[in-house]
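Hi,

Here is the structure I said I'd pass on.

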Amino acid sequence: MLEIVKLGHVYGTGPTAHQAIADINLEVAQGELVSLVGPSGCGKSTLLRCVAGLIQPTEGEVRLDGTPISGVPDNLAVVFQDYSRSLYPWLSVRDNVALPLSRKGAGRAEAREASERALGEVGLAGAGEKYPWQLSGGMQQRVSIARALAYTPSLLLLDEPFGALDAQTREDLEDLVLRLRTEHTMTILLITHDIDESVYVGDRVVVLGRNPGHIVADLPVVLEGPRE
Ligand code: ADP
Ligand code: ADP
């Protein structure tokens, strides 16, 4: 479970200080997917960086499974929009997916096995020998998702993950996220500009307002059945 308590962040100090987000309170249950939407500049990225432990918030606290986040926790994975910069071009797809696990101390065979399993889950069984630059954008983003899955995170952060992809690829990947959700019990926070996407994949849609970024709505999603 993710708990965000009275979170605020001010960039800079003195006359250039800028309050990006203020008084954000949010609880996301284990296995729940919350979509985070709001206008550009409302603090979505700032919130995500605080949750990911990439920046230390100036106010409040983020707790993951009861433990305050400080530094980048090892039960958390992030998938960013810019897939072209998130994979190492000199490593095979399999090694890209296995790398975080190896860094965490997994043995070679274990990391490789987890990598193959995760690639299978995202529909890329057999692509392990390829290099990222041999794959389409959608496939590269599948690799990024596989890398996150192989890591078996308790929290998955998706930062505009499909924003750079064409409509059909985006729909395929939204369906992939929906399917993975039923097979894993990860908590997922999805940042998106796409209202349709936020409703389609989210259990809840949280809307941020600007100046400074704060929660203006927190809405449950009522499922209407599969997409046409
Ligand atoms: P969003 O992701 O919703 O577009 P951001 O979190 O990127 O919003 O930005 C929120 C506010 O904080 C904006 O006013 C932005 O200009 C400001 N901001 C973001 N990053 C920095 C930074 N590194 N230094 C100073 N101000 C920043
Ligand atoms: P997003 O695509 O999430 O809206 P932005 O375009 O707002 O991101 O910001 C892109 C980058 O510029 C981010 O790394 C952010 O931290 C940084 N940034 C945004 N606003 C400012 C600012 N006022 N001062 C310094 N850095 C900023």
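Below is what turned up, starting with the ligands and moving on to the helices and a few single residues.

Some housekeeping first: this is a predicted model, so local features need pLDDT of at least 70 and side-chain atom pairs count only at pLDDT 80 or more, while totals for chains, interfaces and linings use all residues. Residues are numbered from 1 along each chain as its sequence is written, chains are lettered from A and ligands numbered from 1 in the order in which they are written, and side-chain values use heavy atoms, with hydrogens and water left out.

**The two ligands**

Which residues are around ligand 1? They are Tyr11, His18, Ala20, Pro39, Ser40, Gly41, Cys42, Gly43, Lys44, Ser45, Thr46 and Arg49 (a residue is near a molecule if one of its heavy atoms lies within 4 Å of it). Strand 2 (18-28) and helix 1 (44-51) each give at least two residues to this shell, and helix 1 has the largest share, with 4 residues. Helices here are DSSP runs of H or I with at least four residues, strands are runs of E with at least two, and both are numbered from the N terminus.

A backbone N or O atom of Gly41 sits 2.7 Å from a ligand 1 oxygen, and one of Lys44 sits 2.9 Å from a ligand 1 oxygen. Ser45 uses a polar side-chain atom instead, at 2.6 Å. On its own, ligand 1 exposes 560 Å², and the protein buries 62% of that (areas come from the Shrake-Rupley method with a 1.4 Å probe; for residues, only the protein chains shown count as cover).

Ligand 2 has Ser40, Ser45 and Arg49 around it. A polar side-chain atom of Ser45 is 2.6 Å from a ligand 2 oxygen, and a side-chain N or O atom of Arg49 is 3.1 Å from a ligand 2 oxygen. Ligand 2 taken alone exposes 560 Å², of which the protein buries 21%.

**Helices around helix 5**

A quick reminder: two packed helices are described by the angle between their axes and the distance between the axes. Axes are lines fitted to C-alpha atoms, for helices over the stretch in contact, and angles run from 0 to 180 degrees between N-to-C directions.

Helix 5 (residues 137-150) and helix 6 (residues 167-183) have axes that come within 10 Å and cross at roughly 15°. They are therefore roughly parallel to each other (angles under 35 degrees count as roughly parallel, over 145 as roughly antiparallel, 65 to 115 as roughly perpendicular and the rest as oblique). In helix 5, Gly138, Gln141, Arg142, Ile145 and Leu149 meet Thr169, Asp172, Leu173, Leu176 and Leu180 of helix 6 (contact means heavy atoms within 4.5 Å).

The axes of helix 4 (residues 108-121) and helix 5 come within 8 Å and cross at roughly 130°. That makes helix 4 oblique to helix 5. Ala114, Ala118, Leu119 and Glu121 of helix 4 make the contact with Ala146, Leu149 and Ala150 of helix 5.

Helix 3 (residues 93-103) packs on helix 5 at about 35°, with the axes 8 Å apart. Here Val93, Asn96, Val97, Pro100 and Leu101 of helix 3 touch Val143, Ala146, Arg147 and Ala150 of helix 5.

**A few single residues**

Most residues other than glycine have a negative phi, and most peptide bonds are trans. Lys6, in strand 1 (residues 2-11), has a positive phi near 45°. Asn211 and Pro212 are joined by a cis peptide bond, with omega about -15°. Pro212 is in the loop between strand 9 (204-209) and strand 10 (214-220).

Lastly, Ser84 is in helix 2 (residues 83-86), and its side chain makes a polar contact of 2.6 Å with the side chain of Asp82. Ser84 and Lys44 are 40 residues apart in sequence and 21 Å apart in space, C-alpha to C-alpha.

Cheers

Methods: Polar contact = N/O pair within 3.5 Å; in protein donor to acceptor, adjacent residues only side chain to side chain.
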